[in-house]
Amino acid sequence: MDGSASSPTGQSPWMPFESRRRARDEKREAVLRTAVRLFLEQGYHRVTLNDVAERLNITKPALYNYFRSKDEILFECWALGQEIVDEFIAEIDNGGGNALAKLRKLIQAYAEQMTTDSGASLVRFDARDLTAENQKIVRAAKKRIDRTFRKYLADGVADGSIKPCDPKLTAFAIAGSLNWIGHWYQRDGAWSAEAVASRFAAQLTEGLAKDQPGKRGPATLKKSRPAKGGRK
């Protein structure tokens, strides 16, 4: 005998490497989802690693298999939300449409992201609780988002789809409105995430859209005329 173990089915009793890595990644994401929910519910400074482990029904030492510290979990919660933002910005950049259309798509996607736990983590947690190196990463990411809003606004003025405006000031106004969603939105409230996102996309761009030559504005009621041979 060669001394190797075998299962009754003739398959290896050990999970393939990719399966083991996937299982570990899923558990790691479960830790993140649980931690971000606790941080949002109770506040970052009030939550301990014991609280996270207890919510997950695991031991604190088991938690250290995935994260070394609470601030590492906090950074990964932020990174999870930022990754989603980076993905939809890249998709919008590579898509078609004028700058106003791209701005609307960005506002809608960003607003909807703010209704999620990972989105709220971008605006409700204090970057000063992170290491100095991670603080730099967070600041750089925020600047990228701001530059994207400003770019779409400036491009819109250039291509004629957006009225002349100050891209910096307008970007601040839009971002401020969107970021506040992460503070007030409630999943069990009257508005769905999709409804909030659609309404914000419409209202935040309505005053920016430039009327195009030859295009009619909002429909208005015409004075009706009586039909031939009859009276109103």
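**View 1. Packing of helix H5 against helix H8 in the predicted model.** Helix H5, which spans residues 99–114, packs with helix H8, residues 167–184, at an angle of about 25°, and the two axes lie 7 Å apart. Because angles under 35 degrees count as roughly parallel, H5 is described as roughly parallel to H8. On the H5 side the contact is made by Leu 103, Ile 107, Tyr 110, Ala 111 and Met 114, which meet Ile 174, Leu 178, Asn 179, Ile 181 and Gly 182 of H8. Sorted by class, the contact of H5 with H8 comprises eight nonpolar and two polar residues, with no charged residues.

**View 2. The largest cavity and its lining.** One cavity of 30 Å³ or more is found when the whole structure is searched, and the largest cavity holds about 70 Å³ of space. Its lining is formed by Leu 74, Trp 78, Ser 121, Leu 122, Phe 125, Asp 126, Ala 127, Leu 130, Val 138 and Lys 142. Helix H4 (70–94), helix H6 (117–124) and helix H7 (132–159) are the elements that each give two or more residues to this lining. In terms of class, the lining of the largest cavity divides into seven nonpolar residues, one polar residue and two charged residues.

**View 3. Burial of helix H6.** Six of the eight residues of H6 are buried, so this helix is largely enclosed by the rest of the structure. The buried residues in H6 are Asp 117, Ser 118, Gly 119, Ala 120, Ser 121 and Leu 122.

Methods:
Residues numbered from 1 in each chain as written. Predicted model: local features only at pLDDT ≥ 70, side-chain atom pairs only at ≥ 80, totals over all residues. Heavy atoms only, no water. Axes fitted to C-alpha atoms, helices over the stretch in contact; angles between N-to-C directions. Helix = DSSP H or I, 4+ residues; strand = E, 2+ residues; numbered from the N terminus. Parallel < 35°, antiparallel > 145°, perpendicular 65-115°, else oblique. Contact = heavy atoms within 4.5 Å. Nonpolar A, V, L, I, M, F, W, Y, C, P; charged D, E, K, R; others polar. 1 Å grid on protein atoms, 1.4 Å probe; cavity = no way out; pocket = protein on both sides within 12 Å on 5 of 7 lines; lining within 4 Å. Points joined across faces, edges and corners; volume = space filled by probe spheres on them. Buried < 20%, exposed > 50% of the residue type's maximum accessible area, 1.4 Å probe, protein only.
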